[in-house]
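These entries record what I looked up in one structure, going from the overall fold to single residues.

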Amino acid sequence: MNTNPPSYRVAAPSEFERHAARRWQRALESRLPVGTSEIEIEMSMTRTMDSYGLATLLALQERQQQSEGQVTLVNPTPAVVQLLELTGMHRMLNVAAEGSAEDAEVRRPVLVVEDDRIIRSVAGTSLKAMG
């Protein structure tokens, strides 16, 4: 029988940056029930996020993994999705979109390339002098 509390849902700040990320992390740690197996972070209102926001999410993910739990980012904004994919963090964090398939498709970035050869080729082509 699993005695861990069910998932705990919390909203991320609209500007998930240096000072806000620290305050948010302290507040979450103070109210998070002991033994929570899953933390769902609602990110639909998060407009900006920097390395402090990413580090906060990764620290939380590591903490949850130690107790066989997980962190799920729910409804991240396009800016957050783009940052996660550019940094490769989308491979380390669970990302989920609620709503219809059309809503999820609208929020996808225009181009996501993970093959280094293609990235170098596109970058080289786009940086060549025109004319």
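Entry 1, elements. I recorded five helices and six strands. I note that the model is a predicted one.

Entry 2, the chain as a whole. I looked up burial and found that 32% of the 131 residues count as buried. I then looked up contacts between residues at least 6 apart in sequence, and 72% of these join residues at least 24 apart.

In which order do the strands of the open sheet stand? I read the order as β1-β3-β5-β6, four strands with parallel pairing. β1 (8-11) and β6 (94-96) are at the edges and have a single partner strand each, so one side of each lacks a neighbour in the sheet. From one strand to the next, the twist averages 25°.

I next examined the pairing of β5 with β6. Strand β5 covers residues 70-74 and is joined to β6 by three bridges, the two strands running parallel. For V74, I found the bridge partner in β6 to be A96.

I also looked up the placing of helix α2, residues 51-66. This helix lies across β3 (38-42) and β5, and runs at about 140° to β5.

Which residues of the largest nonpolar core touch the most other members? The core has 22 residues, and those with the most such partners are F16, I41, M43, M49, L57, L73 and L84. Two or more residues each come from β1, α1 (18-31), β3, α2, β5 and α3. I noted that α2 gives the largest share, four residues. I set beside this that nonpolar side chains tend to be buried together in soluble globular proteins.

Not counting residues up to four places away in sequence, M49 touches F16, E17, M43, L54, L57, V80, L83 and L84.

I located N75 in the loop between β5 and α3 (78-87). N75 counts as buried at 11% relative accessibility. What does the side chain of N75 contact? I found a polar contact with the side chain of E42, at 3.4 Å.

With neighbours within four places in sequence left aside, L83 is in contact with M49 and L54. I also looked up L83 against D50: 33 residues separate them in sequence, and their C-alpha atoms are 8.5 Å apart in space.

Technical notes: Residues are numbered from 1 along each chain as its sequence is written. This is a predicted model: local features need pLDDT of at least 70, side-chain atom pairs count only at pLDDT 80 or more; totals for chains, interfaces and linings use all residues. Side-chain values use heavy atoms; hydrogens and water are left out. Two strands pair if DSSP finds at least two bridges between them. Axes are lines fitted to C-alpha atoms, for helices over the stretch in contact, and angles run from 0 to 180 degrees between N-to-C directions. Contact means heavy atoms within 4.5 Å. Buried means under 20% relative accessible area, exposed over 50%, partly exposed in between (1.4 Å probe, protein chains only). A polar contact is a pair of N or O atoms within 3.5 Å; within protein, one must be able to donate a hydrogen and the other to accept it, and residues adjacent in sequence count only if both atoms are side-chain atoms. A nonpolar core is a set of buried Ala, Val, Leu, Ile, Met, Phe, Trp, Tyr and Cys residues joined through side-chain atoms within 4.5 Å.
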